[in-house]
Every structure is written in C-alpha cells, then in structure tokens.
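Please keep the sequence and the structure in view while reading.

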Amino acid sequence: MKFLGIIPARYASTRFPAKPLALLAGKPVIWHVYHNASKALPNLVVATDNEQIFNTVRSFGGNVVMTSSEHRTGTDRCNEAYTNFGVEADVVINIQGDEPFINPAQLEALKNCFSDPTVDIATLIKPFVPGTPYSVMADPNTPKAIVNFNGEAVYFSRSVIPFLRGVEKDLWSSKNTYYKHIGVYAFRAEVLKKVSQLKQTPLELAESLEQLRWLENGLKIKTAVTDIETIGIDTPDDLAAAEEYIKHLKI
C-alpha cells in the first residue's frame with residue numbers, strides 16, 4: 001500500500017500562536033514533527049496557511065503546500081493538501097503539527113491497521129497507567145476512548161469513561177483499563193474526501209471532538225494501542241515541559 005503523511009500546521013492558535021515555529025532544543029517544533037514522521041513515511045508534506053511556516057519547512061528541505069486559512073479542522077486541511085500535493089496514496093496519515101515526539105513505531109502501528117480491508121480510519125490510544133489519579137484522567141484536554149473487543153472505537157469523550165459505579169474515583173484506573181486518545185489519524189484516501197464533506201453532528205458539537213462525526217456517520221475507526229508517551233505542544237507551559245523532556249532523549 002502507498003502511504004502519505006500530511007502535517008497540518010496553522011499559525012493561529014488561541015492558547016499559543018505560531019507554535020509550529022517555537023524553538024525546541026534549538027529547532028522549530030515543526031522540524032521535530034517532520035524529522036520523526038519521515039522515519040516511517042518517506043512521502044511526507046506539511047500543509048499550512050502561513051508563509052513563515054511555509055518558508056521554514058522549505059529551509060530545512062521539507063515538502064510543504066499552502067492551504068486555505070478557512071479550514072475548521074486539520075482533517076479538512078489534509079484533504080486540500082492531498083488534492084494539491086499531487087502524490088497518489090491508498091492511505092493518508094494526519095500527523096498533528098504540535099506533536100514533536102511522534103514515534104515512527106506509532107505510525108507503523110497505524111499503517112498495520114489497514115491490513116484489514118474493512119477499516120476506514122485508524123487512530124492511536126494509550127492506556128492510562130494503573131494508579132493514575134482521577135484528576136489527571138479527568139483533564140478535558142485529554143480525550144478518552146472506549147473500544148470493543150475488535151479494537152474498534154465505540155466512543156470518544158472529554159469525560160472519564162466508563163463510569164465505575166460504587167468505586168472511589170481515584171481507584172478507577174486500577175480497577176479498569178482507561179485509554180487516552182492520541183489524535184493522529186490515518187484515512188483511506190476515499191474516506192478522507194468523504195469525511196471532509198460531512199456536516200457537523202450533535203455528538204461532535206457536544207464534545208467538540210470531530211471523530212464523533214465519523215462514528216455517527218457509521219465509519220469504522222480502528223485503534224492501535226501504543227505505550228509510547230507523547231507530549232503535545234498546546235501552550236507555552238507545554239513547550240517548557242517538552243524542553244525538559246528532550247534533555248533526557250538522544251536526538
């Protein structure tokens with residue numbers, strides 16, 4: 001199968017404007033994302049709406065295309081980039097531009113999901129470590145996932161799901177396996193085009209999670225389990241934490 005990686009990277013961000021250009025260990029965040037993703041995806045392109053990001057990617061030899069600034073989601077930006085980049089693929093992998101520690105093994109796990117011809121979309125989940133405090137799991141910026149016995153997503157939520165009746169909340173992670181959702185998606189090319197045409201749905205609007213739109217429309221989302229921790233860059237504090245983390249890695 002032919003795989004294409006697309007990294008949406010927009011300039012505007014409510015909590016951290018220009019974060020793809022923020023320096024991490026002396027290099028832009030977008031460089032780290034591209035560098036790590038390219039180890040699993042020889043065909044890779046950044047999709048941006050900003051000339052400065054465009055020029056930065058070009059400066060380190062990366063592929064990049066300009067896209068509209070009107071897109072509501074990274075998925076919509078991916079669809080335009082796939083159309084404009086001119087590389088045919090069976091599967092398109094959407095890698096967030098604020099995930100500098102994306103691991104090639106995680107991308108390989110996503111690719112492996114498509115050995116099943118019935119899979120429309122694949123994404124990553126990571127078990128919370130037993131003993132994780134409820135307050136950590138309850139962070140609404142960390143979506144949670146429930147899967148069935150076949151590893152297919154049943155639901156995603158910003159709330160802690162499932163609810164364990166009669167159990168003290170700080171014991172929940174020791175009594176049940178809870179999954180954190182890592183927002184990296186892989187789509188069959190024809191499915192990417194389809195999801196970009198779907199209207200927002202009630203559950204998506206309620207939780208502000210676009211993957212619920214896909215579930216509500218009957219698409220199958222396969223999950224790949226990873227034990228590798230990632231640090232997304234959503235705020236300047238996240239960048240500071242990433243700077244500390246990277247000191248302990250071999251770059």
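A residue is called buried here when its relative accessible area is under 20%. The model is a predicted one, and the descriptions below should be read with that in mind.

Pro8 belongs to strand β1, which covers residues 3–9. Because its relative accessibility is 13%, Pro8 falls under the 20% cut-off and counts as buried. Setting aside neighbours within four places in sequence, Pro8 is in contact with Ala47, Gly74, Arg77, Cys78, Asn94, Ile95, Gln96 and Gly97.

Among these partners, Arg77 and Cys78 are also listed as buried residues of helix α3. Pro8 and Thr75 are 67 residues apart along the chain, and their C-alpha atoms are separated by 8.1 Å.

## Helix α3

Buried positions in α3 are Thr75, Asp76, Arg77, Cys78, Asn79, Ala81 and Tyr82. Just after the helix, Gly86 adopts a positive phi of about 85°.

As background to reading such a list, an α-helix has 3.6 residues a turn, so residues three or four places apart point the same way.

## The cysteines

How many disulfides does a search of the whole structure find? The search returns 0. For Cys78, the closest cysteine sulfur is that of Cys113, and because the two sulfurs are 17 Å apart, they are too far from each other for a bond. Cys113 is likewise in no disulfide, the nearest cysteine sulfur being that of Cys78.

Both cysteines are covered in the model: Cys78 is buried, with a relative accessible area of 1%, and Cys113 counts as buried at 8% relative accessibility.

## Strand β7 between two partners

Strand β7, residues 121–127, is mostly covered, with 6 of its 7 residues buried. It pairs with strand β10, residues 179–188, in the antiparallel sense over 7 bridges, and in this pairing Ile125 stands opposite His181. Strand β7 is also joined by 5 bridges to strand β11, residues 221–225, with the two running parallel; here Lys222 of β11 is the bridge partner of Ala122.

Ile121 lies in β7 and, with a relative accessibility of 0%, counts as buried. Not counting residues up to four places away in sequence, Ile121 touches Phe114, Tyr185, Ala186, Phe187, Val191, Val195, Trp214, Leu219, Lys220, Ile221 and Lys222. The C-alpha atoms of Ile121 and Gln96, which are 25 residues apart along the chain, are separated by 16 Å.

Gln211 is part of helix α9, residues 211–216. Is this residue buried or exposed? Gln211 counts as buried because its relative accessibility is 3%. Its side chain makes a polar contact of 3.1 Å with the side chain of Tyr185, and, leaving aside neighbours within four places in sequence, Gln211 is in contact with Phe156, His181, Tyr185 and Ile221.

One of these partners, Phe156, falls within the residue range of strand β9, residues 153–157, which is joined to strand β8, residues 144–147, by 4 bridges in an antiparallel arrangement. Val147 stands opposite Ala153 of β9. The hairpin of β8 and β9 has 5 residues between the strands, and within this hairpin Gly151 takes a positive phi near 75°.

## Two nonpolar cores

The largest nonpolar core holds 41 residues, and those with the most contacts inside it are Ile93, Ile95, Leu107 and Val184. Helix α1, residues 29–37, supplies the largest share of this core, namely 5 residues. A second, separate core of 29 residues includes Tyr82, Ala145, Phe156 and Ile221. In general terms, nonpolar side chains in soluble globular proteins tend to be buried together.

Which residues surround Val184, leaving aside neighbours within four places in sequence? Val184 is in contact with Ile93, Asn94, Ile95, Ile102, Leu107, Leu110, Ala122, Thr123 and Leu124. Among them, Ile93, Ile95 and Leu107 are named alongside Val184 as having the most contacts inside the largest core.

Conventions
Residues are numbered from 1 along each chain as its sequence is written. This is a predicted model: local features need pLDDT of at least 70, side-chain atom pairs count only at pLDDT 80 or more; totals for chains, interfaces and linings use all residues. Side-chain values use heavy atoms; hydrogens and water are left out. Buried means under 20% relative accessible area, exposed over 50%, partly exposed in between (1.4 Å probe, protein chains only). A polar contact is a pair of N or O atoms within 3.5 Å; within protein, one must be able to donate a hydrogen and the other to accept it, and residues adjacent in sequence count only if both atoms are side-chain atoms. Contact means heavy atoms within 4.5 Å. Two strands pair if DSSP finds at least two bridges between them. A nonpolar core is a set of buried Ala, Val, Leu, Ile, Met, Phe, Trp, Tyr and Cys residues joined through side-chain atoms within 4.5 Å. A disulfide is a pair of cysteine sulfur atoms within 2.5 Å.
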